[in-house]
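Here is a short briefing on one protein chain. Please keep the sequence and the model open while you read.

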Amino acid sequence: MQPLTEEQIRASFINASNDAVERMPLPGLHETVWEDREYLGWLDPTFAQRGYIVYWREGKPFGIILRSGSSTLSRGISAMCSLCRTHQPGSQVSLFTVPKAGQAGRDGNTIGTYICSDLSCSAIIRIVPPPSDLQPRPLDVVEGRTSGLLARLDNFTQELLPAS
Ligand SMILES: [Zn+2]
């Protein structure tokens, strides 16, 4: 993804109060390897169960605030992240509830979806099996996963916006 500045990030949130955005701690942007990610996602170290995702949507920075449920799925069962579609132990996928944009969100309307608990889809989709006769080139595999992840993120964030 194209890099984002702190200003762009703070101005990008469509479903958070000004107060929450002001107090939001940012990850280390200088250490971020932008080319290896589809979105910037991080958990709030100062506010339990709060997370953030910012990415480029239709050429503009687009940020959402997320709340993770207090209960995680049991380790024994497998769960799938709705964004990267990776099957993982249930303890590594969390149900996040995401407030809708604008008045709907202020009225308490949210959408729930299962996402990798630590919001690290980008790292996970880059883990690929070594090339073989059956397996296409690893780079092609990652490319396919990247476009799938971005398309699903676009679809999900569309649901948060008021119908136009
Ligand atoms: Zn994921």
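The points below cover the sheet, one of its strands, the nonpolar core and a loop residue.

This is a predicted model. Its 5-stranded open sheet has the order E1-E2-E3-E6-E7, with antiparallel pairing. The largest nonpolar core has 28 residues.

**The sheet**
- Strand E1 (residues 40-43) and E7 stand at the edges. Each has a single partner strand, so one side of each is left without a neighbour in the sheet.
- On average, neighbouring strands of this sheet are turned by 30° against each other, direction ignored.

**Strand E6 and its partners**
- E6 spans residues 93-99. It is mostly covered, with 5 of its 7 residues buried.
- Toward strand E3 (residues 60-68), E6 makes 2 bridges, and the two run antiparallel.
- Toward strand E7 (residues 110-116), E6 makes 7 bridges, again antiparallel.
- Phe96 of E6 is the bridge partner of Ser68. Phe96 also has a bridge partner in E7, namely Thr113.
- Thr97 stands opposite Gly112 in E7.

**Ser94**
- Ser94 is found in strand E6.
- Is Ser94 buried or exposed? Ser94 is buried, because 25 other C-beta atoms lie within 10 Å, and the cut-off for buried is 20 or more.
- Gly69 is 25 residues away from Ser94 along the chain, yet their C-alpha atoms are separated by 6.8 Å.

**The nonpolar core**
- Which residues have the most contacts inside the core? They are Ile53 and Val54.
- The elements that give two or more residues to this core are strand E2 (50-57), E3, E6, E7 and H5.
- Val54 touches Leu4, Ile9, Ser12, Tyr39, Leu40, Pro61, Phe62 and Gly63. That list does not count residues up to four places away in sequence.

**Asp133**
- Where is Asp133 placed? It is in the loop between helix H4 (121-124) and helix H5 (138-160).
- Asp133 counts as exposed because it has 4 C-beta neighbours inside 10 Å, and the cut-off for exposed is 12 or fewer.
- Asp133 and Ser17 are 116 residues apart in sequence. In space they are 52 Å apart, C-alpha to C-alpha.

**To recap**
- Ser94 is buried, whereas Asp133 counts as exposed.

Note on methods. Residues numbered from 1 in each chain as written. Predicted model: local features only at pLDDT ≥ 70, side-chain atom pairs only at ≥ 80, totals over all residues. Helix = DSSP H or I, 4+ residues; strand = E, 2+ residues; numbered from the N terminus. Pairing = 2+ DSSP bridges. Core = buried A, V, L, I, M, F, W, Y, C linked by C-beta atoms within 7 Å. Contact = placed C-beta atoms within 7 Å. Axes fitted to C-alpha atoms, helices over the stretch in contact; angles between N-to-C directions.
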